[in-house]
Amino acid sequence: MSTPDAPTIAELEEQERRLTLPRFTHADAWSLGTLLVELARDRDAPVAVDIRRGGQQLFHAALPGSTQDNDAWIDRKRRVVERYAASSLLVGTRFRAKNITFEESSRLDPNTYAAHGGAFPITVEGVGVIGTVVVSGLPQLEDHALVVEALTHFKDL
């Protein structure tokens, strides 16, 4: 997988609009999670994958080469999505667009929150953000791109 170019704020916002789902069930979490695992395995990507609805973890997988540090990154990136109702990459990009960093300007503990790519909101039409899907283990743009690719395929199923 080649490193993607950094998307703009407008591109990131469009991804979130486009990837709004009609529903999201436990079975959907399994389908999306297994799709992410298949994509990662095809690329020998050493990632961990996490999907949550509200406070409940519905799917988690750790592929060879991932470590418990990836689980810590998942938690930090997930908290950004939960707080801002936007992808962790979009949040970080918005801060950088103002020539400030998330870590210095958000007033949030960087040991608890990370505005690095890889966490994406699960948004349901007519409801809003109901959960998160997170990948950790690749450079942040690749983590984000993998989640977007999987959500795009999942939505087309």
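A salt bridge here is a side-chain nitrogen of Lys or Arg within 4 Å of a carboxyl oxygen of Asp or Glu. The model is predicted, so local features need pLDDT of at least 70, side-chain atom pairs count only at pLDDT 80 or more, and totals for chains, interfaces and linings use all residues. Side-chain values use heavy atoms, leaving out hydrogens and water, and residues are numbered from 1 along each chain as its sequence is written.

Q: Why do D75 and R78 count as a salt bridge?
A: Their side chains come to 3.2 Å, N to O, and the cut-off is within 4 Å, so the pair qualifies.

Q: Where do D75 and R78 lie?
A: Both are in helix α3 (residues 68–84), three residues apart, about one turn of the helix. Helices are DSSP runs of H or I with at least four residues, numbered from the N terminus.

Q: What makes D143 and K77 a link between separate parts of the chain?
A: D143 forms a salt bridge with K77, with the closest N and O atoms 3.0 Å apart. D143 lies in helix α6 (residues 140–156) and K77 in helix α3, so the pair ties together parts 66 residues apart in sequence. D143 is buried at 2%, and K77 is buried at 2%.

Note on methods:
Helix = DSSP H or I, 4+ residues; strand = E, 2+ residues; numbered from the N terminus. Buried < 20%, exposed > 50% of the residue type's maximum accessible area, 1.4 Å probe, protein only.
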